[in-house]
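Hi,

Here is the structure I promised to pass on. Have a look at it first, and then read on for what turned up.

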Amino acid sequence: MWRYLAGGMAALLMVAAGWLLFSSRATSDPVLPPPPPAAVRGGTQSVEAAPEAPVPEATERTREEKRFDRYDKDRDSRITRDEYLASRRKAFAKLDANGDGRLSFDEWAAKTTAKFAAADRDRSGAMDRAEFATTAVKRKTKPKCVCPAVASDDDN
């Protein structure tokens with residue numbers, strides 16, 4: 001019986017501690033905006049509007065402009081056929097293991113064949129569910145929101 005009483009008291013203490021923590025955070029002081037800068041002249045303080053310097057603006061390049069610039073290697077504002085196919089030639093050269101200019105099925109599937117061989121731990125020539133699960137593509141998660149840093153009073 002005493003165990004039930006001790007458990008009940010512990011639960012009540014945890015609820016009370018949670019309530020105190022929540023209520024102490026809810027009554028925090030609001031953040032006030034900083035006062036305007038004051039210019040000091042001859043010992044007297046006067047508030048002057050600082051002359052607004054023009055802020056240089058960066059040109060916003062669209063996604064398509066950036067993509068165009070990646071292909072336009074000689075920067076003549078034109079993409080030739082060779083420039084357009086350059087990335088494909090590099091990819092083809094990586095796959096063409098024997099350098100004969102022809103891509104066999106085995107050369108084309110080399111990465112997949114190696115991935116299968118690494119996943120087939122028991123070397124049976126077939127993958128079970130556990131082995132197949134190791135072949136899943138590892139995807140990078142994109143941040144949902146990039147929030148600007150909030151300035152605090154300690155930064156001044």
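This is a predicted model: local features need pLDDT of at least 70, side-chain atom pairs count only at pLDDT 80 or more; totals for chains, interfaces and linings use all residues.

Arg 75 sits in the loop that links helix 2 and helix 3. Arg 75 has a positive phi of about 55°, although it is not a glycine. Arg 75 counts as exposed, since its relative accessibility is 55% and the cut-off is over 50%.

Arg 123 gives a second case: its phi is also positive, at about 55°, and it is not a glycine either. Arg 123 belongs to the loop between helix 5 and helix 6 (129–133). With 61% relative accessibility, Arg 123 is exposed.

Back to the loop between helix 2 (63–71) and helix 3, where you will also find Lys 73. Lys 73 is exposed, at 58% relative accessibility. Which residues form the positive surface patch? They are Lys 73, Arg 75, Lys 90, Lys 94, Lys 111, Lys 115 and Lys 138. Two elements give two or more residues to that patch: helix 3 (81–95) and helix 5 (110–119).

Now for pairs of charges. Side chains of opposite charge can pair when their charged atoms come close. How many salt bridges does a search of the whole structure find? It finds two:

- Arg 67 and Glu 64 meet through their side chains, at 2.5 Å from N to O. The two are three residues apart in helix 2, which means that about one helical turn separates them. Arg 67 is partly exposed, with 35% relative accessibility.
- Arg 89 and Asp 82 form a salt bridge between their side chains, at 3.9 Å from N to O. Arg 89 is partly exposed too, with a relative accessible area of 43%.

Finally, the overall picture. The protein has six helices and two strands, and along the sequence they follow the pattern α-β-β-α-α-α-α-α. Of its 156 residues, 6% are buried. The protein exposes about 15,400 Å², and carbon and sulfur atoms supply 60% of that area. As for contacts with a separation of 6 or more, residues 24 or more positions apart account for 0% of them.

Cheers

Terms used:
Residues are numbered from 1 along each chain as its sequence is written. Side-chain values use heavy atoms; hydrogens and water are left out. Patches are made of residues with over 30% relative accessible area and no salt bridge: like charges are joined within 9 Å, nonpolar side chains (Val, Leu, Ile, Met, Phe, Trp, Tyr) within 5 Å. Accessible areas come from the Shrake-Rupley method with a 1.4 Å probe; for residues, only the protein chains shown count as cover. A salt bridge is a side-chain nitrogen of Lys or Arg within 4 Å of a carboxyl oxygen of Asp or Glu. Lys and Arg count as positive and Asp and Glu as negative; His and the chain ends are not counted. The place of a charge is taken as NZ of Lys, CZ of Arg, CG of Asp or CD of Glu. Helices (H or I, at least four residues) and strands (E, at least two) are DSSP runs, numbered from the N terminus. Buried means under 20% relative accessible area, exposed over 50%, partly exposed in between (1.4 Å probe, protein chains only). Contact means heavy atoms within 4.5 Å.
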